[in-house]
Amino acid sequence: DGMAQVTGYRLVTNGSFPYAIPAEGDITVGALVHVAEWEYDRLLTELDRIEGYPAHYDRITVQVADLDGDPISDATMYVPTIDPTWLANYDPVPGNDWYTYMLDRLLHEENRL
């Protein structure tokens, strides 16, 4: 439904998956999806399956803001279940924005073909 940001996390990657790990003062950008109440349980079950909850990712509640920093609401965010210090040496995602990172990767791959 739109882009939003959360403070206190940064994105790292192993090349295939993003991981949001605690990082004081960092701002991570992502998509905010508003779900109709009657669809919430079904969608949460499907997202849990996709995200590997609770084995690979856990769910937490975070305060999200719009891109100007104005608070929007609380939201559910998936974070890795393993100790984040193990992930700290993974590659940082530029701008803490997975969508832009993946789009840039796809465009660079397309230009190499």
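## Ground rules

Residues are numbered from 1 along each chain as its sequence is written, and side-chain values use heavy atoms, with hydrogens and water left out. Because the model is predicted, local features need pLDDT of at least 70 and side-chain atom pairs count only at pLDDT 80 or more, while totals for chains, interfaces and linings use all residues.

Helices (H or I, at least four residues) and strands (E, at least two) are DSSP runs, numbered from the N terminus. Two strands pair if DSSP finds at least two bridges between them.

## Strands and hairpins

Let's start with strand 1 (2–13) and strand 2 (18–32). They pair in the antiparallel sense over 11 bridges, and G2 stands opposite L32 in strand 2. The two strands form a hairpin with four residues between them, and G15 in the turn has a positive phi of about 105 degrees. Strand 1 also pairs with strand 5, again in the antiparallel sense, over two bridges; here T13 has D91 as its bridge partner in strand 5.

Strand 3 (residues 57–65) and strand 4 (residues 71–80) run antiparallel too, joined by nine bridges. One of the pairings puts T61 with T76 in strand 4. This hairpin has five residues between its strands, and G69 takes a positive phi near 95 degrees.

## Two nonpolar cores

A nonpolar core is a set of buried Ala, Val, Leu, Ile, Met, Phe, Trp, Tyr and Cys residues joined through side-chain atoms within 4.5 Å. Buried means under 20% relative accessible area, exposed over 50%, and partly exposed in between (1.4 Å probe, protein chains only). The largest core has 14 residues, and Y9, V62, V64 and M77 have the most contacts inside it. Strand 1, strand 2, strand 3, strand 4 and helix 3 (98–112) each give two or more residues to this core, with the largest share, four residues, coming from strand 1. Apart from it lies another core, of seven residues, among them V12, Y19, L44 and L87.

Not counting residues up to four places away in sequence, M77 touches V6, Y9, A20, D58, R59, I60 and V62.

Helix 1 (residues 40–51) has 12 residues and reaches 16 Å from its first C-alpha to its last, close to the 16 Å expected at 1.5 Å a residue. The expected span is 1.5 Å times one less than the number of residues.

L44 is buried, with a relative accessible area of 16%, and D48 counts as buried at 11% relative accessibility. Leaving aside neighbours within four places in sequence, L44 touches R59 and Y78, while D48 is in contact with Y53, R59 and Y78.

## The largest pocket

On a 1 Å grid over the protein atoms alone, a pocket is an open set of points where a 1.4 Å probe fits, with protein on both sides within 12 Å along at least five of seven lines; lining residues have an atom within 4 Å of a point. Grid points are joined across faces, edges and corners, and a volume is the space filled by probe spheres set on the points. The largest pocket has a volume of about 1100 Å³.

Its lining has 37 residues, of which G30, A31, T76, M77 and Y78 lie nearest the centre. Strand 1, strand 2, helix 1, strand 3, strand 4 and helix 3 each supply at least two residues of the lining, and strand 2 gives the most, with eight.

Most residues other than glycine have a negative phi, and most peptide bonds are trans. N96 has a positive phi of about 55 degrees although it is not a glycine. N96 lies in the loop between strand 5 (91–92) and helix 3, and counts as buried at 11% relative accessibility.

The loop between helix 1 and strand 3 holds both G52 and P54. A cis peptide bond joins Y53 and P54, with omega about 5 degrees.

Definitions and conventions
Contact = heavy atoms within 4.5 Å.
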